[in-house]
Amino acid sequence: MIKQERARRTREKVLDAAAEEFSAQGYSRATLNAVAQRTGMTKGALYGHFASKRLLAGALLLQSRKVWEEMRQARDVPGAAAGAVLESLVLDLAHRLKEDVRLRAALRLATDCPALAQMVPDIFEDVQRGLANLIRRAQGEGSMAPRPPELVAQLLLAVMHGAPHVSFGPPGACGSAGAYEAAWRLLLAALAGPAAGAPVPEGGTPAGCSLCPDPRVV
């Protein structure tokens, strides 16, 4: 049992190091030597856990896809309004991409090397499809403007790729969690647009819209 636990911890350490390398370098420029150096292991010891860069990338993709599925299933429950589910999911995904290097690496791997999808389901495609479906449903409910769902989902994912590298808040100040969330709420509200038939108050956002900025977030 002690040996198995040690092997598990080592494997997790390797996955973290690989995620850092893939996130920074992409698939083609990342090397197993660099991953081994990040862990302090020899390349031979690394091979004992992952025999190739492709298998290491596949493990990250598979794990991150499970994380995404858990996030989606926890929010998209029977009876939940699609607009509220979309808002909650996008905010959570944006925060996780900022904090979780494995998830960031997985999305970059999926875009850098689509051939990896032959090994495991494509997480980028799964996330894009899931967001597009929620957007389509929210439009059917009247909480989002009738824009192309796939295009809106692609835009959200494009911003997610770059957002972790931007410091939100006053110029010269370190970014804050509140400013980061406020920026995402602003984007969601802009993409939602005035819902069909909903009154638009002086603030310029539909009354009762779940995708509008929270006035408490500054």
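The protein chain holds nine helices and zero strands, where helices (H or I, at least four residues) and strands (E, at least two) are DSSP runs numbered from the N terminus. This is a predicted model, in which local features need pLDDT of at least 70 and side-chain atom pairs count only at pLDDT 80 or more, while totals for chains, interfaces and linings use all residues. Residues are numbered from 1 along each chain as its sequence is written, and side-chain values use heavy atoms, with hydrogens and water left out.

Begin with the whole chain. Of its 218 residues, 42% are buried, that is, under 20% relative accessible area with a 1.4 Å probe, counting protein chains only.

Next, select residues 123–141, which form helix α7. Its 19 residues reach 27 Å from the first C-alpha to the last, close to the 27 Å expected at 1.5 Å a residue; the expected span is 1.5 Å times one less than the number of residues. Among the buried residues of α7 are Ile123, Phe124, Leu131 and Ile135. The buried residues of α7 pack against α4 (53–75), α5 (82–99), α6 (101–112) and α8, a contact being heavy atoms within 4.5 Å. Just after α7, select Gly142, which takes a positive phi of about 90°.

Then move to helix α8, residues 149–162. Its end C-alpha atoms lie 21 Å apart, which agrees with the 20 Å that its 14 residues should span at 1.5 Å a residue. Colour Pro149, Val152, Ala153, Leu156, Leu157 and Met160, the buried residues of α8. They lie on the same side of α8 because they cover an arc of only 135° around the axis, taken from the directions from the helix axis to the C-beta atoms.

Note on methods
Buried means under 20% relative accessible area, exposed over 50%, partly exposed in between (1.4 Å probe, protein chains only).
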